[in-house]
Amino acid sequence: MNRRRRRIRLDRRTIVGLASLAALTLGAGWWRATSIVNRLLRDWAVGVVAQQSAGVYRLDPIGVHVNWLFRRVMVDSFRLTTDRRVNTRQPQPLANVRIGLSHCTISGVHVLTLVRGAGLIAASMGCAVGSVAVEAPRRVRDTTAVPVPTSTPRQREGTGFLVLQQGLRLPSYAPRVQITELTFPALAFDFRLPLGRNGETRLELERLQWHMVDVVIDPADTRAASRPLFSRRIELVANNFVAHPESTAAVRVGMLRASLTDSTLEARGIGAELGPSLGHRHDVIKLAVGQALAQGIDFGAFASGLGARARRIEVDSLGIDLTSDKRQPRHPGRRPNRTPQQWVADLDLALRLDSVVVRNGEVIYREQAAGRTRPGVMTFADIQATAVNVIHRIDRRMGRDTMSLAITARLQHAAPLDIQFAIPLDAPQFDMTFRGTLGAMPATALNPFVEEVYPLRIAHGQVTGISFGAGVSAGVARGWITPRFTDLSVSVMRRGSGGILGGGGILGGAARGIASMMANGQVRGNNPGRPTQPPFRGRIRYAFRPDQTLPAFLWAGVAGGLLQVVKQ
């Protein structure tokens with residue numbers, strides 16, 4: 001009996017001792033895990049952000065709480081700010097960044113792994129709300145825009161991010177950080193890119209979704225260290241928003257998706273419109289894009305102000321509707337239209353695009369003549385275009401690259417059109433060359449434009465082909481055009497004519513008949529006049545005017561040479 005009592009007391013003492021030991025072990029583990037998390041977030045993360053950015057950025061985690069029963073770490077907020085004074089003293093300033101993340105949770109923490117000092121391993125991390133504001137630095141003007149290529153294209157695409165990752169070391173108490181999934185479902189995003197001396201383009205998103213997969217920070221894992229932001233996949237998605245690249249323009253986007261890992265940027269359902277100025281003449285431009293995809297884009301370099309770089313840009317279902325209203329006077333204070341060289345120079349942004357491809361495009365030009373109710377319409381359908389070597393350097397003295405642009409289309413849905421351009425984008429003046437051919441088509445196919453702009457129409461005729469070529473030097477186009485056509489004739493129309501030619505009845509009709517006969521007496525019916533004769537060639541000589549768009553300049557030069565041949 002006494003032995004049994006002593007055994008019971010001994011068992012109770014053992015149980016109490018084991019329980020106490022377990023409590024002490026659990027408490028020590030709890031304390032160690034909490035200490036590691038606090039040191040990792042409050043000390044290491046704060047220190048490494050300051051060190052890797054040379055003191056430009058400051059990270060402040062506020063309110064760190066742990067709940068090891070549910071294997072969670074909660075942080076009230078993270079704040080990342082930029083010390084602008086330190087940043088301006090850098091040889092190459094970083095982007096001015098301001099990030100605020102609230103109600104953040106790290107879930108599925110491997111507590112035993114953390115206690116053993118093997119690192120922070122977690123299933124997920126996310127913040128309920130947040131905001132990200134990025135202002136890209138303004139580049140100094142004497143910097144080379146396109147650096148010497150390094151190793152592989154894939155390595156160059158992530159250079160901007162890898163600069164901040166180089167030499168990163170984890171503390172001994174947490175030698176590895178691994179989070180399977182990071183999600184920020186509701187980020188307010190504001191990105192500003194300086195353009196020119198005082199301008200900027202801005203992208204504001206009320207709701208951006210940021211998703212990262214398999215984030216691994218481990219110096220021993222060289223493959224993970226070479227990934228942008230140490231992640232196997234980084235994806236940003238925004239839907240149905242309006243961007244304002246300039247103060248006078250609004251661009252609607254149905255969907256925008258960026259993959260920092262794949263170095264791709266995709267946009268769908270793009271639409272934009274530049275409207276007319278009240279009371280003054282202005283081109284109305286409507287733009288629509290079904291899908292645009294950029295591949296091999298360097299997001300890090302772009303955000304760091306190092307320029308826009310991409311291997312390939314594909315644009316599908318491009319639609320441009322341009323209306324020129326001649327019924328109003330020119331705006332006296334309107335900004336002059338820019339040449340290609342002026343346009344890229346105003347970007348004040350280094351540019352390197354290996355190729356740009358446009359598929360299934362269409363351009364519709366409408367000209368509203370004075371006194372007419374309907375515009376003349378010229379359509380370029382089924383456009384396929386490829387541009388290569390699209391390069392612009394900040395230091396234009398070093399720019400000797402020439403962009404090549406090849407375009408095929410169908411004019412008025414009737415004739416194949418083939419044009420090639422060569423444009424030195426960094427030339428100090430407006431220089432380029434162009435040449436092309438137009439295939440066979442009925443001349444009457446031009447009537448939707450001719451009869452709404454001029455007081456005449458093409459009665460009949462056949463275009464057998466047109467070839468042309470010109471060089472533009474200092475804004476003046478000089479070249480040639482050779483049209484080949486047969487049985488060309490015109491008739492004067494009542495609409496658009498003045499005086500008796502615009503009158504009705506028998507007298508007006510007779511007057512227009514006589515005018516048509518006289519007009520056809522001045523029109524060359526065939527070119528060449530005989531099969532054995534060489535065709536007449538027109539001369540292209542036309543100077544660019546600041547009130548003209550580039551298509552209007554090209555058309556004016558070609559049309560002038562064409563009329564020299566058509567008129568006898």
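The exercises below work through a predicted model of one protein chain.

Residues are numbered from 1 along each chain as its sequence is written. In this predicted model, local features need pLDDT of at least 70, side-chain atom pairs count only at pLDDT 80 or more, totals for chains, interfaces and linings use all residues, and side-chain values use heavy atoms, with hydrogens and water left out.

**Exercise 1. The chain as a whole**

Task: State how many helices and strands the chain has, and what share of its residues is buried.

Solution:
- Step 1. The chain has eleven helices and 20 strands; these are DSSP runs (helices: H or I, at least four residues; strands: E, at least two), numbered from the N terminus.
- Step 2. Of the 568 residues, 45% are buried. Buried means under 20% relative accessible area, exposed over 50%, and partly exposed in between (1.4 Å probe, protein chains only).

**Exercise 2. The largest nonpolar core**

Task: Find which residues touch the most other members of the largest nonpolar core, and list the contacts of Met432.

Solution:
- Step 1. A nonpolar core is a set of buried Ala, Val, Leu, Ile, Met, Phe, Trp, Tyr and Cys residues joined through side-chain atoms within 4.5 Å.
- Step 2. The largest such core has 125 residues, and Met432, Phe434 and Phe553 touch the most other members.
- Step 3. Contact means heavy atoms within 4.5 Å. Leaving out residues up to four places away in sequence, Met432 touches Phe421, Ala422, Ile423, Pro424, Gly471, Val472, Leu550, Phe553 and Leu554.

**Exercise 3. Aromatic pairs**

Task: Describe the pair formed by Tyr365 and Phe449, then the pair formed by Phe434 and Phe468.

Solution:
- Step 1. Rings of Phe, Tyr and Trp (its six-membered ring) pair if their centres lie within 6.5 Å; planes under 30 degrees apart count as stacked, over 60 as edge-to-face and the rest as tilted.
- Step 2. The structure holds eight aromatic pairs. In one of them, Tyr365 and Phe449 are 6.2 Å apart centre to centre, with 35° between the planes, and the pair is tilted.
- Step 3. Tyr365 is in strand β12 (residues 351-368) and Phe449 in helix α9 (residues 447-453), 84 residues apart. Tyr365 counts as buried because its relative accessibility is 18%; Phe449 is buried at 2%.
- Step 4. Phe434 and Phe468 also form a tilted pair, at 6.4 Å centre to centre and 55° between the planes. Phe434 lies in strand β16 (residues 432-438) and Phe468 in strand β18 (residues 456-473), so the pair ties together parts 34 residues apart in sequence.
- Step 5. Phe434 is buried at 6% relative accessibility, and Phe468 is buried at 9%.

**Exercise 4. Salt bridges**

Task: Locate the partners of the salt bridges Asp214 with Arg232 and Arg309 with Asp298, and say whether each partner is buried or partly exposed.

Solution:
- Step 1. A salt bridge is a side-chain nitrogen of Lys or Arg within 4 Å of a carboxyl oxygen of Asp or Glu. The structure holds 16 of them.
- Step 2. The closest N and O atoms of Asp214 and Arg232 are 2.7 Å apart. Asp214 is in strand β6 (residues 199-217) and Arg232 in strand β7 (residues 231-243), 18 residues apart.
- Step 3. Asp214 is partly exposed at 25% relative accessible area, and Arg232 is partly exposed at 41%.
- Step 4. For Arg309 and Asp298, the closest N and O atoms are 3.8 Å apart. Arg309 lies in strand β11 (residues 308-325) and Asp298 in the loop between β10 (283-295) and α7 (299-303), so the pair ties together parts eleven residues apart in sequence.
- Step 5. Arg309 is partly exposed at 22%, whereas Asp298 is buried at 1%.
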